[in-house]
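User: Could we go through this model together? Please show it first.

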Amino acid sequence: MQDEKAFISELLHPETQNVAFRKLLQLYQKPLYNHIRNMVLNHDDTDDVLQNTFIKVYSNLNNFKGDSKLFSWMYRIATNEAITFMQQRAKKQGISNEEVQQKAINKLESDVYFDGNEIQLKLQKAISLLPEKQQLVFKMKYFEELKYEEISEALGTSVGALKASYFHAVKKIQDFLHTN
């Protein structure tokens, strides 16, 4: 934790800020990309949301209170940015969030950055049918292999509630995969 405090000090100090932020990008760009990609599904959209995430992180570093880990705080920003992006896309197209997600899943087959097979597409379809919170928890636990404690910090939810959400998500996905 002491190392993180020193790193945050470097991020906030004008003389070390640029070098420290480049280090932050190197450390977190890939995991945040994967997190956002699991939510928005499209590579180009993911890049846009990731860029917005890092802009928000940079702009709000002085507001970071240290109540959670820097990683968790950035995940929360990335999650909120991805959700906002999907809601704006739905509103702009005059359709529901679920329909936006269905369209994104349908485009996955032609996405050159998606290297999944038919089973992975089926899994994505099953996930898209889950309520938003269950989707988030499932993706963070299953794809990103985060611990419940990390997810709890990032989403501001109790570990017990996360475990219940994950359990219900897994059950619904299994049911979908067995019947489709």
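This is a predicted model: local features need pLDDT of at least 70, side-chain atom pairs count only at pLDDT 80 or more; totals for chains, interfaces and linings use all residues.

User: At what angle do H2 and H7 pack?
Analyst: Helix H2 (residues 17-40) packs against helix H7 (residues 132-143) at about 135°, and their axes are 10 Å apart. That makes the pair oblique (under 35 degrees is roughly parallel, over 145 roughly antiparallel, 65 to 115 roughly perpendicular, the rest oblique).

User: New topic: how many salt bridges are there?
Analyst: The count is 3, taking a side-chain nitrogen of Lys or Arg within 4 Å of a carboxyl oxygen of Asp or Glu. In one of them, Asp-45 meets Arg-89 at 2.9 Å, N to O. Asp-45 is in helix H3 (residues 43-60) and Arg-89 in helix H4 (residues 70-93), so the pair ties together parts 44 residues apart in sequence.

User: Is Asp-45 buried or exposed?
Analyst: Asp-45 is buried, at 11% relative accessible area (buried is under 20%, exposed over 50%, partly exposed in between, with a 1.4 Å probe and protein chains only). Arg-89 is partly exposed, at 27%.

User: What does Lys-56 meet in a salt bridge?
Analyst: The side chain of Lys-56 meets that of Glu-81, at 2.5 Å from N to O. Lys-56 is partly exposed, at 38% relative accessible area, whereas Glu-81 counts as buried at 13%.

Methods. Residues are numbered from 1 along each chain as its sequence is written. Side-chain values use heavy atoms; hydrogens and water are left out. Axes are lines fitted to C-alpha atoms, for helices over the stretch in contact, and angles run from 0 to 180 degrees between N-to-C directions. Helices (H or I, at least four residues) and strands (E, at least two) are DSSP runs, numbered from the N terminus.
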